[in-house]
Amino acid sequence: VVVLLALAVVLFAWDTLFKPSDTSNNAGSAVTDQSDTNAGAQASGSIAVLPLHNMSAIPDNEYFVGGIHEEILTNLSRIENLRVVSRTSALRYIASDLSLNDIGRELDVRYIVEGSVRRIKDHVRITVQLIDAATDAHLWARNYDRELVDVFATQSEVAREIARSIQLEISPETVGSLDNMPTHSVKAYDLYVKANSIDRSHPSTEFSYRQQRDLLEAAVAEDPDFVEAWGRLNFVLDEIARTILQLGWFGDTEAERDAIFAETRQAAQRALDRAVALDPANVETLLALATDFVAEQEDGEYRIDRRKYIDRALEIDPENAFSWYTLGWWYHIAGQSLTAREPFLKALELDPLHAHIVGGALIYFRNVGDQEMTTLLSERLIQIAPELGDEETLTKDTTDSRVNGIIWQN
């Protein structure tokens with residue numbers, strides 16, 4: 001026993017002290033594995049959601065804002081191969097003076113989400129933007145407008161939409177088929193949504209119309225069978241044509257404007273023909289037919305005939321705010337200004353923070369002399385788009401073309 005024990009000790013000492021070690025190889029392997037893991041995480045994306053700014057004076061809004069922040073993080077964490085920084089880590093930067101580039105470097109993330117929440121009585125607007133932390137480039141921005149009936153349901157709904165939009169931007173290959181998506185092309189759908197977002201959140205200007213046209217033309221190039229995008233493109237092109245004639249937009253000289261007008265009319269007709277060919281019963285197609293500027297120019301009686309398209313659109317989707325908004329203008333143009341009031345109010349009820357609808361309704365209520373609604377909508381429009389000016393300007397200036405691009409209703 002003593003001999004065997006002595007031999008065991010000798011063998012152990014030899015193995016420990018004198019046998020060549022593979023430690024360096026193992027360590028190298030471990031480092032390589034860790035490096036591969038980090039590289040994979042970086043390649044697949046990483047993101048931090050900074051606390052949203054509460055733009056409301058309502059104290060309870062802090063809970064609502066915090067809830068949205070948490071829900072966004074939860075929904076983003078479900079995206080495959082996306083590393084999401086914890087809420088605790090993000091909260092350190094709630095009042096930081098650091099640049100987004102510095103924050104991104106400290107948190108070791110590729111993308112940063114920042115935004116704000118503003119409540120107007122029972123309505124809420126959430127503004128969110130996605131930034132490439134390395135270049136400080138704004139990749140995407142969007143507004144989400146909701147009526148605040150159920151706080152928790154609204155938090156979850158908006159957070160899901162924000163997470164899906166971010167996923168479309170940074171990792172479209174993981175999206176697959178979206179629920180109820182009107183196109184099989186994720187890229188075309190995202191372009192269409194971006195165009196609509198501009199109309200919802202910005203005053204009508206040459207720049208905003210050019211942006212919408214570019215996005216919608218890119219959408220139909222991606223998917224030539226995307227009927228909603230064709231219908232919306234017709235609407236935008238019609239708006240451009242109207243502002244050329246009535247406001248002298250798009251061009252420095254009369255000859256230049258005439259050339260742009262002719263090209264725009266042709267493009268608008270092509271878009272409408274394509275939408276009708278694809279689906280004449282689609283709501284966007286029906287609204288395009290109801291507001292078709294080419295037909296309106298060629299036949300003054302067309303305005304009477306367009307009512308059937310509006311009614312059909314409302315029959316298909318009675319909750320479509322833009323259909324009610326279009327009906328309001330139909331009544332007003334037909335000389336039934338008092339009857340137009342209810343459709344305008346219905347449109348505002350369904351989509352209270354839509355810049356286009358609020359601006360157009362402001363024109364109507366100002367024209368019929370409703371000072372209370374004019375003041376209310378002026379205040380709301382300034383909250384939506386502060387670049388328009390102040391309430392006094394919007395209330396008194398009855399010819400201010402900045403308010404809305406729907407000039408034809410006047």
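**View 1. Arginine 274 pairs with aspartate 225 in a salt bridge.** Arginine 274 is partly exposed, at 30% relative accessible area. (Buried means under 20%, exposed over 50%, and partly exposed in between, with a 1.4 Å probe and protein chains only.) This is a predicted model: local features need pLDDT of at least 70, side-chain atom pairs need 80 or more, and totals for chains, interfaces and linings use all residues. Residues are numbered from 1 along each chain, and side-chain values use heavy atoms, without hydrogens or water. A salt bridge puts a side-chain nitrogen of Lys or Arg within 4 Å of a carboxyl oxygen of Asp or Glu. Here the N to O distance is 2.7 Å. The pair links distant parts of the chain: arginine 274 sits in helix H10 (residues 254-278), and aspartate 225 in the loop between helix H8 (206-222) and H9, 49 residues apart. Helices are DSSP runs (H or I) of at least four residues, and strands (E) of at least two, numbered from the N terminus. Aspartate 225 is partly exposed too, at 47%.

**View 2. Aspartate 199 meets arginine 232 in a salt bridge.** The N to O distance is 2.7 Å. Aspartate 199 lies in helix H7 (residues 186-201) and arginine 232 in helix H9 (residues 227-247), so the pair ties together parts 33 residues apart in sequence. Both residues are buried.

**View 3. Arginine 307 forms a salt bridge with aspartate 311.** Their closest N and O atoms are 2.8 Å apart. The two residues are about one helical turn apart, because four residues separate their positions in helix H14 (residues 307-316). Arginine 307 is partly exposed at 22%, and so is aspartate 311 at 32%.
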